[in-house]
Each structure stands twice: as C-alpha cells, then as structure tokens.
Amino acid sequence: MRKWRSVAAAVLGALLSLGFAPQPRAEGSGGAGPEAMSMGNMCMVMFGYDMIHITAYQPGKSRSEYCSEIPGTGRTILVFDIENPAFRDLPLEVRIIRDPVTPITKDTDLDALTEVHLPATKYTKGTFNIEHDFKNNGHYVGLVTLTRPDGTQETSDFKFMVGETLWAWVPQIAGTILIAGMVFLYWKHTHPSSKKKDATETAAS
C-alpha cells in the first residue's frame with residue numbers, strides 16, 4: 001500500500017511539473033527578459049517597465065477573450081491598449097508573422113513570413129486594433145516596434161497559437177508516457193523474474 005502511495009505521489013508531482021494542474025500563466029517571449037507575458041486571457045509586451053496590453057477576440061464565434069491560444073482560424077481582432085500615455089506620441093509598428101521556429105535575426109526575411117503589417121503610426125487615443133482572417137492553424141509571432149524620441153527603436157514580441165497543433169498535445173503525450181513508465185517500473189519491482197526467484201529459493205534451501 002505504501003509503495004502505491006509513493007508511486008501516486010511521484011506521478012502527481014510529475015504531472016504538476018508538466019502543467020496539468022491549474023497555475024498562473026506567465027510566458028516568456030523567447031528573448032532575454034520578460035518582453036512578453038500573459039495574465040489570464042490578456043497578453044502584454046514590455047518596454048522596460050511600461051506595457052502594452054493585447055487581447056484577442058473572435059466575434060463571429062464567441063464573446064470570449066483570448067491571449068496565447070486562439071481556438072481556431074477565421075476573423076480575429078487583436079486589441080492593443082497602450083498603458084503609458086507618453087507612448088501615445090511615439091510611433092508604433094506592428095507586424096504579425098508565421099513563427100519561423102528558428103530565432104529571428106536581422107537577416108530573417110520578414111516579408112515572406114508576414115500575415116499582417118501596420119506601419120509605424122502614433123495612436124494618440126491610446127488604443128488600436130488589428131483585424132485579420134487567419135486561414136491556417138499554427139504558431140505566430142507578433143512584433144511590436146517602438147520608436148523613441150531620439151530615433152532609437154525597440155522591438156518586443158508576443159507569441160500565440162491559432163487552432164490546435166501537434167505541440168498542444170505534447171504535455172498530454174508526455175504525461176501518458178510518464179504514467180506508463182511509472183506503472184511498468186512498479187510492476188517490475190513487485191514481480192521479480194523467475195530466474196531471481198529460483199536463485200532465491202536455491203539459496204534459502
């Protein structure tokens with residue numbers, strides 16, 4: 001009985017580490033530092049300690065709000081809310097590309113990957129949106145570029161997924177393999193091979 005409890009505790013701990021239990025969402029953007037995060041259904045990109053909130057909607061399907069996981073293809077609206085009033089007087093450029101999987105560098109051909117592009121514009125009202133009809137499931141990257149008063153540019157990115165992809169099933173597959181491995185090891189531990197049994201019986205006699 002104690003062995004079963006220890007096995008169950010080990011499996012539970014492993015599942016928690018894979019994210020099977022509810023937990024606060026805080027995702028990195030793949031770069032150095034917290035450039036992009038998600039809280040609940042709202043993403044944000046960071047420029048220093050200042051943030052721009054991003055929320056996704058699919059009004060033709062539901063009233064729900066989305067962030068890093070948009071449930072399916074189709075008409076999607078991404079709403080950007082500028083937190084810092086000073087940013088409203090600075091040009092912002094937004095580009096959404098298909099995730100190239102490999103790291104994005106200055107040599108990456110963004111035009112070939114681009115789904116939608118908004119040139120640098122000042123959004124004096126503090127909010128703006130992008131409407132796009134996603135045709136394919138997959139992983140995407142949003143690039144937000146801020147031009148400072150001295151002309152320097154900073155780019156932060158946020159990643160999101162449209163529709164279910166193979167990567168969405170990785171935690172479940174890994175969890176199933178882990179549980180099967182735990183069960184096998186326990187069974188092997190409690191059922192020694194016939195050779196070991198014979199050797200034990202011979203030694204005892």
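This is a predicted model: local features need pLDDT of at least 70, side-chain atom pairs count only at pLDDT 80 or more; totals for chains, interfaces and linings use all residues.
Local features need pLDDT of at least 70 and side-chain atom pairs count only at pLDDT 80 or more, while totals for chains, interfaces and linings use all residues. Residues are numbered from 1 along each chain as its sequence is written, and side-chain values use heavy atoms, with hydrogens and water left out.

**View 1. R95 and E93 form a salt bridge.** A salt bridge here is a side-chain nitrogen of Lys or Arg within 4 Å of a carboxyl oxygen of Asp or Glu. By this rule the count is six. The closest N and O atoms of R95 and E93 lie 3.8 Å apart. R95 is buried, at 12% relative accessibility (buried: under 20% relative accessible area; exposed: over 50%; partly exposed: in between; 1.4 Å probe, protein chains only).

**View 2. D111 pairs with R95.** The closest N and O atoms are 3.3 Å apart. D111 is exposed, with 60% relative accessibility.

**View 3. D133 meets K135.** Their side chains form a salt bridge, 2.9 Å from N to O. D133 is partly exposed, at 34% relative accessible area. K135 is exposed, at 60% relative accessibility.

**View 4. E93, R95 and D111 make up one network.** Salt bridges with shared partners join these residues.
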